[in-house]
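Q: Could you walk me through how to read a model like this one? I'd like the general idea each time, then the case at hand.

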Amino acid sequence: MPEFDLRFVLGHYNYWMFVILMMTGLYITVSRGNLIKKVIGLNIFQAAVFMLYISMGKITGGTAPVLIEDPDAVYSNALPHVLILTAIVVGIATTAVALALILRIRETYGTIEEDELTRIEQEMDAAPGSAQG
């Protein structure tokens with residue numbers, strides 16, 4: 001039976017934090033009926049993915065990828081960081097659109113609870129004279 005190695009676990013704390021954040025975001029997204037809480041859960045999930053990609057791009061002892069005189073220098077990969085900057089901008093825009101849609105839903109239906117919206121939609125479909133498509 002393999003022996004438990006605490007140094008291994010503590011040496012990879014960033015991956016453990018990734019797992020905890022990802023599962024927290026997924027749980028909030030799936031378990032809550034409030035649309036604002038769902039958006040917050042998605043943002044936590046997204047932050048976990050950002051942390052994973054940035055962690056994978058880090059090289060211990062690596063320097064910034066700038067030309068220096070030492071030919072034996074080890075560089076950190078800049079591509080994950082660049083991709084995450086783009087993903088952050090897209091994530092902020094997506095969150096803004098989601099919040100704007102939630103505001104319109106609240107103005108139209110008077111609620112942002114998923115179960116109440118489903119009930120209202122079912123009542124509208126069951127109402128006499130409603131368009132069946």
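Q: Let's start with a side chain: is Glu123 buried, partly exposed or exposed?

A: Go by relative accessible area: buried is under 20%, exposed is over 50%, and partly exposed is in between (1.4 Å probe, protein chains only). Glu123 has 45% relative accessibility, so it counts as partly exposed. Before we go on, this is a predicted model, where local features need pLDDT of at least 70 and side-chain atom pairs count only at pLDDT 80 or more, while totals for chains, interfaces and linings use all residues. Residues are numbered from 1 along each chain as its sequence is written, and side-chain values use heavy atoms, leaving out hydrogens and water.

Q: Which residue does Glu123 meet in a salt bridge?

A: Side chains of opposite charge can pair when their charged atoms come close. The cut-off for a salt bridge is a side-chain nitrogen of Lys or Arg within 4 Å of a carboxyl oxygen of Asp or Glu. Here Glu123 pairs with Arg119, at 3.0 Å from N to O. Arg119 is partly exposed too, at 43% relative accessibility.

Q: Where do Arg119 and Glu123 lie?

A: Helices here are DSSP runs of H or I with at least four residues, strands are runs of E with at least two, and both are numbered from the N terminus. Arg119 and Glu123 both sit in helix α5 (residues 114-126), four residues apart, or about one turn of the helix.

Q: How many salt bridges are there by this rule?

A: The count is four. Among them is Arg104 with Glu107, whose closest N and O atoms are 3.0 Å apart. That pair lies in helix α4 (residues 79-109), three residues apart, and both residues are exposed. Arg7 is exposed, with a relative accessible area of 70%, whereas Asp5 is partly exposed at 35%.

Q: What share of the 133 residues is buried?

A: Buried residues make up 21% of them.
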